[in-house]
Amino acid sequence: MRPFEYVSPTTKAQAVSLLGASWGGTEILAGGTDLLALMKDDIVSPKRLVNIKNIRDLRGISSSPQGLRMGALTTLADLADDAGIKKNYPALAEAAIEAASPQIRNMATLAGNLCQRPRCWYFRNGFGLLPKDETGNELVADGDNRYHAILGNEGPAKFVSPSTIVPVLIAYEAKIRLEGPKGKRELPLEKFFVIPKSENEREHDLGPNEIVTEVVVPPVPNAKIAHYEIRQKDVFDWPLAVAAVALKMQGSNVESARIVMGYVAPVPWMSPEAEQALTAQPLDQETAQKAAEAAVKDAKPLSHNEYKVQLARVAVKRAILKAASGGAA
Amino acid sequence: MPDYAWPDQEHRTLIGKRITRVDSPVKVSGQAKYTYDVHRPGMLYGKVLRCPYAHAKVVSIDTSAAERMPGVKAVEIVQKPNANIHWAGDDVVAVAAVDEPTAEDAIRAIQVEYQKLPHLVSDAEPPQGATQEEGPLSMNDIDDLLDNQVPNRQIVEKIQQYGVTEKPTEDKLKSFKSSGANDAVLNALREATVHPEAASRPKSNYEKAAAQTVGDPDKAMAEAEVVSEGLYGVPVITHCCLESHGTISEWPDADHLLTHISTQNVSGIPGQMAEPLAIPASNIHVHQDHVGGGFGSKFSPDRWGIFTAQISKKAQGKPVRIMLERDAELEVAGARPSAYARVKVGAKRDGTLVAWQSESWGTGGPGGGGMPPIPYVFTIPHQRKEHTAIRNNIGPARAWRAPNHPQAAVLTMCALDDLAAKLNMDPVEFFGKNLDITKPRQDIYREELGIAANLMGWNEKWHPRAQNRSGNITRGVGLSLHTWGGRGHNSDCDLTLHPDGSVDLKLGSQDLGTGTRTCILIVAADTLGVPMDAIQLEIGDTTYPPSGGSGGSTTIGGVSSSTRRAAVDARDLLFAKVAPTLDAQPDQLECVNGRVGVKGDSHRSLSWKEACAKLGAMPITVRGTNPDRTKPPDLTNSGVGGVQMAEVEVDTDTGIVKVEKMVAVQDCGLVIDLKTAESQCYGALIMGISYSLFEEKVMDPTTGRMLNANLEFYRLAGFNDIPELVVHMMTGKGYDERGVIGLGEPPVVSPGAAISNAVANAIGVRVPFLPLTPDRVLAALGQKAGA
Ligand SMILES: Cc1cc2nc3c(=O)[nH]c(=O)nc-3n(C[C@H](O)[C@H](O)[C@H](O)COP(=O)(O)OP(=O)(O)OC[C@H]3O[C@@H](n4cnc5c(N)ncnc54)[C@H](O)[C@@H]3O)c2cc1C
Ligand code: SF4
């Protein structure tokens with residue numbers, strides 16, 4: 001076993017000070033459902049693991065008139081079970097219950113979910129995040145890319161953003177809070193995800209010595225919100241496309257929309273085109289279809305994933321129609 | 001002569017009833033010990049360094065750092081410098097250490113230099129002009145065949161058919177022998193015709209076998225009133241045993257090996273290990289209680305089983321455990337060959353089949369592979385078949401539950417279903433109409449087809465293709481037929497009656513989870529008239545009489561026949577001892593309900609215990625054997641039919657297929673345990689749904705590695721994917737009197753074809769290849785929309 005140091009701080013400040021200033025040396029350990037698998041497969045080999053599960057400040061879910069606050073250590077099972085979330089943010093509870101399996105949901109934390117690494121089978125087989133062969137050819141472009149990106153894939157990053165919780169959180173206009181050596185910062189969640197251009201970059205706007213401390217969601221939105229996933233298997237399978245939508249209404253027309261796709265690009269993909277297509281329109285099959293078409297208008301499928309364009313289109317359309325008919329089941 | 005024949009229905013107390021398997025309690029409570037659970041005192045952990053390249057030559061190996069590591073007890077080089085490696089993940093060096101992490105560290109410390117060689121991992125249709133007629137074999141070809149673990153029998157066939165390019169020297173023959181060639185191969189080489197002129201032939205990955213023709217296919221096709229053409233196929237899938245392959249081996253002394261192995265072939269293991277380990281087979285003790293799946297991939301000790309024993313010897317005989325990791329299990333421990341074909345079938349307007357033409361291809365890994373038995377089940381009068389074997393670097397193929405039949409079923413039944421659609425005929429009518437050419441099983445198929453149609457509700461559910469659509473959800477039904485042999489294998493057993501009334505029964509068989517233990521006990525208990533739990537059954541050990549490997553659906557016929565003969569002989573010996581006490585002749589006696597008594601006279605009887613007390617001081621042991629011509633009749637038989645139907649629902653917007661219902665109607669001669677027989681069919685349907693919708697060994701063209709060697713992207717069906725399953729076993733007159741026939745393989749043959757046909761019925765177009773994933777379904781629908 002590659003030896004590593006294991007530390008278990010009890011405050012955020014201690015945790016930050018125990019993290020290294022560059023990637024490679026240290027990793028944060030939360031539920032471990034992703035990190036331990038990566039370590040066993042030799043994909044990441046930290047010299048120090050910083051366990052954050054003993055930091056009390058990172059726990060808890062609280063609702064107030066200012067909105068919802070979820071500590072970094074909130075588990076997916078907590079998200080699915082919390083009465084307040086079920087009542088006020090039902091699409092989030094639904095996304096949580098559909099993820100993974102009961103055992104994993106009991107361990108997996110919210111921050112870990114946001115920071116989980118891509119499931120790209122080249123990455124997971126040890127060929128790198130932006131996999132190339134010895135001569136510099138891109139393995140994904142030349143290889144089996146049936147599960148890879150159809151949008152935002154012009155650069156070397158062709159994996160898809162793996163969380164099924166993130167799109168709906170973005171639809172709810174969630175913000176992420178981080179703490180590092182230079183203090184605290186807050187970003188809209190969609191800005192937290194970036195497309196890496198070189199092998200030593202990561203897919204998050206996260207410093208190697210920063211930790212995600214919490215996620216906040218504005219007060220209960222006056223909007224129709226829904227989340228829709230396409231998985232070949234009903235349960236315990238990675239999706240092929242995910243869409244989340246938030247529709248603010250004025251009368252029977254859409255005043256403004258937020259449309260986010262997952263599993264289509266290296267980052268959660270917001271579609272201003274689709275949002276535009278819905279604005280000032282009534283909600284029906286036809287407008288949903290138009291918005292769905294707009295969402296994939298710029299898709300550039302790779303050699304083996306043209307079908308994902310259709311799946312993304314269907315996911316967006318069904319999410320819109322689901323929102324129109326009342327949202328989460 | 002004692003009457004060994006199976007009792008008729010009135011005289012069976014247990015045989016043919018629905019009986020719960022005897023090992024359920026230990027399995028559900030976790031007490032059952034699988035090889036994976038075996039932990040021996042002082043056991044060392046072995047790990048294997050595997051080649052990361054799909055095709056390479058080993059240049060040099062430096063194990064010195066690993067050997068110096070504290071805790072490392074032995075290092076064994078499996079493939080030396082100059083060895084050619086033909087698939088990624090093949091074993092190169094093994095180490096044994098005090099714990100797993102140390103063994104892993106040692107593996108990482110080994111330096112191997114490889115020379116990478118060009119590889120092919122695709123099994124796509126052979127490019128034009130790339131194929132080569134099969135021809136005489138060079139000595140390198142023989143080396144490759146042996147390296148690639150192609151079965152000796154197939155090597156002999158190739159040598160006999162094509163000859164060789166040079167006469168092998170005795171040294172060369174010796175080296176073949178040490179790489180695994182048996183005497184048959186060596187003899188074939190000695191006697192082979194030599195074609196020196198063929199030595200300069202360039203080598204291709206694509207080898208085309210000579211065309212096979214029956215009748216006059218060109219004329220028949222030209223005269224056919226309706227012709228359907230299509231493309232069909234099944235990819236390479238893995239066995240994906242939930243208990244991986246592996247052994248725990250130790251040397252109690254320098255000449256004796258004890259090995260715990262996960263195997264389908266307990267009695268057959270010592271004979272395969274003796275030569276490489278240079279000890280007599282009788283010095284090898286094999287033990288296994290339970291096995292977590294084999295499906296055809298666990299007959300041999302495998303190279304890793306041999307080097308585990310070798311490395312244990314190096315480590316002073318301490319137990320060494322090497323069980324494959326999940327990724328290795330999927331990469332190297334077995335794959336089912338792929339098969340694809342362009343098929344043309346011709347019929348008369350009334351549906352009578354007249355002509356078949358196929359150009360097929362597929363891969364069984366580095367060894368190439370053969371053509372599945374097409375056209376399957378239906379002996380179409382005029383045929384032309386051409387097959388190209390693709391030799392590539394995906395790892396060796398192994399027998400997979402009903403070798404070649406599921407592929408043949410897809411290539412045939414899908415092509416016939418498309419023809420039925422073209423004829424605008426209901427497939428039940430179309431298949432029914434052609435049953436004459438399924439001889440000798442036409443009557444069985446006819447009966448099964450009728451029952452299946454009823455159980456499925458076929459008449460209400462079938463519709464001409466794609467005429468039942470409303471919105472994006474559409475339903476359809478499909479069917480397929482299959483066949484299999486299933487005669488019982490060689491099996492010996494020892495049955496002992498003890499004077500205290502206890503009974504024990506021993507044989508070197510194994511229970512693959514199929515209910516073998518339960519069935520053996522049913523036969524023995526039914527024959528002796530005692531409860532099943534009165535008999536102590538021991539299997540899974542080479543100290544017991546040898547019984548065949550569990551493959552080819554041969555176990556139930558073998559073990560039930562040997563058990564029946566032993567039990568009848570034991571019973572008759574007991575009758576002879578008891579008769580004087582009861583003042584009767586032995587042939588007037590019977591044993592039922594735990595009593596031995598005079599037939600028809602309930603006053604003259606002894607309890608089982610009292611009867612056995614008459615045996616005297618010593619227990620008696622009798623040997624039962626199968627086959628045994630001296631003790632007729634033949635209790636086992638061969639040849640079954642089987643019909644399956646599937647109903648599916650397809651979301652035409654997403655291409656997602658859900659199986660809604662499956663029906664399996666299956667015959668297998670005399671059923672010993674109705675419940676475990678039905679379970680075989682349920683399991684087969686589940687496995688069938690899994691390979692129809694999900695399973696595929698995905699290879700990366702550039703790196704030559706398997707991309708989904710895990711259970712995350714090598715998807716298996718889960719609970720939610722399993723719909724209503726209806727199983728009907730054919731029993732009673734016409735079936736029971738055939739004797740016992742195996743059931744492991746037949747029900748897994750048809751699901752692929754039946755489900756594919758149901759999807760075609762639902763969406764109106766054929767999805768050519770399994771698995772029926774959204775990308776393939778949408779592509780097929782797109783083609784239809786565009787057409
Ligand atoms: C079989 C399986 C199925 C799954 N299915 C789904 C699914 O359907 N949908 C879905 O969304 N996800 C799915 N997941 C992923 C799962 O949700 C994540 O693995 C989990 O949420 C990660 O949380 P964790 O606490 O276990 O993180 P860890 O494994 O501990 O960490 C994951 C990563 O996040 C980093 N990290 C953790 N906490 C912080 C923090 N506070 N600040 C900064 N970095 C941090 C770690 O350093 C590490 O890089 C699945 C996982 C598995 C194994
Ligand atoms: S069976 Fe499922 S839940 Fe249990 S250990 Fe394995 S993966 Fe985890």
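The expected span of a helix is 1.5 Å times one less than its number of residues. Helices (H or I, at least four residues) and strands (E, at least two) are DSSP runs, numbered from the N terminus. This is a predicted model, where local features need pLDDT of at least 70 and side-chain atom pairs count only at pLDDT 80 or more, while totals for chains, interfaces and linings use all residues. Residues are numbered from 1 along each chain as its sequence is written, and chains are lettered from A and ligands numbered from 1 in the order in which they are written.

Q: How do you know that the length of helix H13 (residues 307-324) of chain A agrees with its residue count?
A: H13(A) has 18 residues, so at 1.5 Å a residue it should span 26 Å. Its end C-alpha atoms are 26 Å apart, which agrees.

Q: What makes H13(A) mostly covered?
A: A residue is buried if 20 or more other C-beta atoms lie within 10 Å of its own, exposed if 12 or fewer, and partly exposed in between, with C-beta atoms placed from the backbone. In H13(A), 17 of the 18 residues are buried. Just after this helix, A:Gly326 takes a positive phi of about 115 degrees.

Q: Why is strand S17 (residues 339-347) of chain B called largely enclosed?
A: Because 8 of its 9 residues are buried, S17(B) is largely enclosed by the rest of the structure.

Q: How do you know that S17(B) pairs with strand S10 (residues 226-234) of chain B?
A: Two strands pair if DSSP finds at least two bridges between them. S10(B) and S17(B) are joined by 9 bridges and run antiparallel.

Q: What joins S17(B) to strand S18 (residues 353-363) of chain B?
A: The two strands share 8 bridges and run antiparallel. B:Arg342 stands opposite B:Glu359 in S18(B). S17(B) and S18(B) form a hairpin with 5 residues between them. In the turn, B:Gly351 has a positive phi of about 100 degrees.

Q: How do you know that strand S6 (residues 175-180) of chain A pairs with strand S7 (residues 183-188) of chain A?
A: There are 6 bridges between them, and they run antiparallel. A:Gly180 stands opposite A:Gly183 in S7(A). A hairpin joins S6(A) to S7(A) through 2 residues. S6(A) also pairs with S8(A), in the antiparallel sense, over 5 bridges. There, A:Glu179 has A:Ile211 as its bridge partner.

Q: Why is B:Gln79 called partly exposed?
A: B:Gln79 has 19 C-beta neighbours inside 10 Å, so it counts as partly exposed. It lies in the loop between strand S3 (72-77) and strand S4 (84-85) of chain B. Two residues are in contact if their C-beta atoms, placed from the backbone, lie within 7 Å. Not counting residues up to four places away in sequence, B:Gln79 touches B:Val58, B:Ile85 and B:Val92.

Q: What makes B:Gly163 partly exposed?
A: B:Gly163 has 16 other C-beta atoms within 10 Å, so it is partly exposed. Its place is the loop between helix H5 (152-162) and helix H6 (170-178) of chain B. Leaving aside neighbours within four places in sequence, its contacts include B:Pro136 and B:His195. The C-alpha atoms of B:Gly163 and B:Ala198 are 10.0 Å apart, across 35 residues of chain.

Q: Which residues of H3(B) are buried?
A: They are B:Thr102, B:Ala103, B:Asp105, B:Ala106 and B:Ile107. These buried residues pack against strand S1 (44-50), helix H2 (64-68), S3 and strand S5 (91-97) of chain B.

Q: How many residues of chain B are in contact with chain A?
A: 25 residues of chain B are in contact with 23 residues of chain A. H21(B) gives the most to the side of chain B that touches chain A, with 4 residues.

Q: Which residues are the closest to ligand 1?
A: A residue is near a molecule if its C-beta atom, placed from the backbone, lies within 6 Å of it. 28 residues surround ligand 1, and the closest are A:Ala30, A:Gly31, A:Gly112, A:Asn113 and A:Cys115. H7(A) gives the most to this shell, with 4 residues.
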